[in-house]
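Me: I've got a structure open and I'd like to walk through it. Can we take it piece by piece?

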Amino acid sequence: MGGLATIENGQTLCSQHNFLKKNLKQTETGKKIFIHLYELSKKEGNLELQKFCIEILQTFEDFNINGHIEWKK
C-alpha cells in the first residue's frame, strides 16, 4: 500500500493470503484472518482459541475498525 520496499516493511505470507492481502489494508486482512480462525476454532471445539479470537475481534468492534467486515459471534 505504498510502503518502502525494504525487509523491515515486508510480510511473510503464503501465496493464498498474499493474494487476498494485495487489495486490502492490513487491518482488513487481519480481521478477516481472525474471523476465519474463529470459525475454525468453533468447528474444532477449541474454546481457548475461540476466546482469544473473540478478544481480538471485540477490539476491532470497540474501536470501530473495519466495521464493514462483519463477524458472527
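Me: Let's start with helix H2. Which of its residues are buried?
Reply: The buried residues of H2 are Glu28, Thr29, Lys31, Ile35, Tyr38 and Ser41. Keep in mind that this is a predicted model.

Me: How many residues does H2 have, and how far does it reach?
Reply: H2 covers residues 26-44, which is 19 residues. From its first C-alpha to its last it reaches 27 Å. That is close to the 27 Å expected at 1.5 Å a residue.

Me: What comes just after H2?
Reply: Gly45 does, with a positive phi of about 75°.

Me: New topic. Where does Asn66 sit?
Reply: Asn66 is in the segment after H3.

Me: Is Asn66 buried or exposed?
Reply: Asn66 is buried, because its relative accessible area is 12% and the cut-off for buried is under 20%.

Me: What is Asn66 in contact with, leaving aside neighbours within four places in sequence?
Reply: Asn66 is in contact with Thr27, Glu28, Lys31 and Phe60. Glu28 and Lys31 are also among the buried residues of H2.

Me: And what is the phi of Asn66?
Reply: The phi of Asn66 is positive, about 55°, although Asn66 is not a glycine.

Me: Now Asn64. Where is that one?
Reply: Asn64 lies in the segment after helix H3, which spans 47-62. Its phi is near 50°, a positive value in a residue other than glycine.

Me: Is Asn64 buried or exposed?
Reply: Asn64 is exposed, because its relative accessible area is 64% and exposed means over 50%.

Methods
Residues are numbered from 1 along each chain as its sequence is written. This is a predicted model: local features need pLDDT of at least 70, side-chain atom pairs count only at pLDDT 80 or more; totals for chains, interfaces and linings use all residues. Side-chain values use heavy atoms; hydrogens and water are left out. Helices (H or I, at least four residues) and strands (E, at least two) are DSSP runs, numbered from the N terminus. Buried means under 20% relative accessible area, exposed over 50%, partly exposed in between (1.4 Å probe, protein chains only). Contact means heavy atoms within 4.5 Å. The expected span of a helix is 1.5 Å times one less than its number of residues.
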